[in-house]
Amino acid sequence: MVKIKIDGVEYEVDEKKNLIDATKEVGVEIPYFCYHPALSIVGMCRMCLIEIEGVPRLQAACNTPVKEGMGIITKSDRVKEARAGTMEFLLANHPLDCPVCDKAGECRLQDNAFGSGSGHSRFEFEKRNIPQEEIGTNLIINHNRCIVCYRCVRFEEEKVGESNLGLFERGNHSIIGLAKSEPIDHNYQGALADICPVGALLNNKTLFKSRVWWYKSHKSVCHGCSTGCNVTTNVRDNKMYRYMVRENFEQGMFFLCDKGRFDLDWMNENRLFSYLENGKNSTSQVVVSKIIDRLKEAKSIAVLGGAHESNETLATLKQNLNSLSQALGGKSIQWETRVTDAQNKETEQVDFLLTKDNHPNTKGAIDLGLTTPSGITGIVSAVKQGSVDLVILIKESIPEGIDPNKVICFDTNLTEAAKNASLAAPIQIFCEREGSFTNKNGLKQNFEKSMNPIQGLLTSAGVVEQILNTMTKKMEVSVGNR
């Protein structure tokens, strides 16, 4: 930590951080467009100009290192005039289409125009008008809104490892466009739209879906893989609309892949809200009663899956299954959460964020000891041999080689597993209550409740508790009748 003066007031800041981030920590905001904490510094937008005591010219804060005893001025008339001039140039060709722009409400151009702009334009000429283009399988570019901050080009080259975008022409004719003939088709088109500080890059999948001020936002963790990227959920009318990046400086989390970002439809559609018997709707009373009968008849029971559940749900579920085993006279219940090859290996990356393990809480399940020495192959073999004759499946597909008639399925959606299993019970999505996931590196991260479950919908742990309570009551009634 070093001491510097900001507008005459002395602060202690982190000398390892960029001047923009260091001052932000102590409550002093320096406006910017092109700077990003995870990308190289180019100083293209000139929005972050400041005065430094002893230096005659204005300097860009983004490429100015923090030094002991430094004195900077962020609010002088000279600085304000420079920023207002920068805003005037950036808005010269920018269309006044905020009412129809998807970025409205979270646009840095709007923020800086109100905070540092002059409030009026002296530009009297006709604004340039370049047709909008589809430059990716899920990416649109509106050239008229682009302020040539170069963030998208840097992100692709430095993080994705591709060079699909480039800067073409000069001066007033400068545009960001495709450098190749093929459209962009990588896993980070959502991230390109996300890091664009204006509404120049947009995703087709979220275009015109909702205004940002209609969302209820909560802190969460991406469910797409074992990386556990930090996200902010955007919910409206109890439906999940968007995942947006929640920057985490300490863990270096600044981006989100498309697989996690756009894998949201299952939260809103095709949900399982009814108990099923052989794929047909039934009632909880009938299905729970038949599950109890199956549990009593079984010689040995296996539980598969659970790595989509939170640490808290898994811990409660483990406790409830132990109680269930005791209620069944000490009957064996073995639990294996690792149902895919990726879960049984060291973490394998698909790209710089996405892993091959599409479960958000494999590490948390392993830490709770929810594994078997023989793994999934051992359990499948035991089922085939008949030593295990009942399988409880938690939000997974029925493994090949297991007879669906021997399966009881707990699922959030009306999946093939739920349809084919002999009995199925609906359960809550992880985001319908608060909890935590443990990512591939062993980092435990909490998430808030984002959506409200329908009345009566239980977690997987709640379903087992319901089975246990029903079984216990039946036993009490039976004893009382004697």
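Q: This is a predicted model. Take Lys419: what is its relative accessible area, and is it buried, exposed or partly exposed?
A: Lys419 has a relative accessible area of 37%, so it is partly exposed. Buried means under 20%, and exposed means over 50%.

Q: Which residue forms a salt bridge with Lys419?
A: First, the general idea. Side chains of opposite charge can pair when their charged atoms come close. Here, Lys419 pairs with Glu416, and the closest N and O atoms are 3.7 Å apart. Glu416 is exposed, at 52% relative accessibility.

Q: Where do Lys419 and Glu416 lie?
A: Both are in helix 12, which covers residues 416–420. They are three residues apart, about one turn of the helix.

Q: How many salt bridges does a search of the whole structure find?
A: The search finds 13. One of them joins the side chains of Lys363 and Asp367, at 3.1 Å from N to O. These two residues are separated by about one helical turn, because they are four residues apart in helix 10 (residues 362–367). Lys363 counts as partly exposed, at 31% relative accessibility.

Q: Which residue does Arg261 meet in a salt bridge?
A: The side chain of Arg261 meets that of Asp194, at 3.3 Å from N to O. This pair links distant parts of the chain, 67 residues apart. Arg261 is in helix 6 (residues 258–262), while Asp194 is in helix 5 (residues 189–195). Arg261 is buried, with a relative accessible area of 5%.

Q: What feature does UniProt place at residues 215–271?
A: The unreviewed UniProt entry gives "domain: 4Fe-4S Mo/W bis-MGD-type" for that span. In the model, residues 215–271 are 16% helix and 35% strand. The end C-alpha atoms lie 22 Å apart.

Q: Where is Ser226 found, and is it buried or exposed?
A: Ser226 is in the loop between strand 11 (216–221) and strand 12. It is buried, at 6% relative accessible area. Its side chain makes a polar contact of 2.9 Å with the side chain of Thr355. Leaving aside neighbours within four places in sequence, Ser226 also has contacts that include Asp357, His359 and Asn439.

Q: Where is Val235, and what is it in contact with?
A: Val235 sits in strand 12, residues 230–236. Val235 is buried, with a relative accessible area of 5%. Beyond neighbours within four places in sequence, its contacts are Trp214, Tyr215, Lys216, Met240, Ser450 and Met451.

Q: How many residues separate Val235 and Ala298 in sequence, and what is the distance in space?
A: They are 63 residues apart in sequence. In space, C-alpha to C-alpha, Val235 and Ala298 are 43 Å apart.

Definitions and conventions: Residues numbered from 1 in each chain as written. Predicted model: local features only at pLDDT ≥ 70, side-chain atom pairs only at ≥ 80, totals over all residues. Heavy atoms only, no water. Buried < 20%, exposed > 50% of the residue type's maximum accessible area, 1.4 Å probe, protein only. Contact = heavy atoms within 4.5 Å. Polar contact = N/O pair within 3.5 Å; in protein donor to acceptor, adjacent residues only side chain to side chain. UniProt positions renumbered as here; feature names shortened; annotations may be inferred. Salt bridge = Lys/Arg side-chain N within 4 Å of Asp/Glu carboxyl O.
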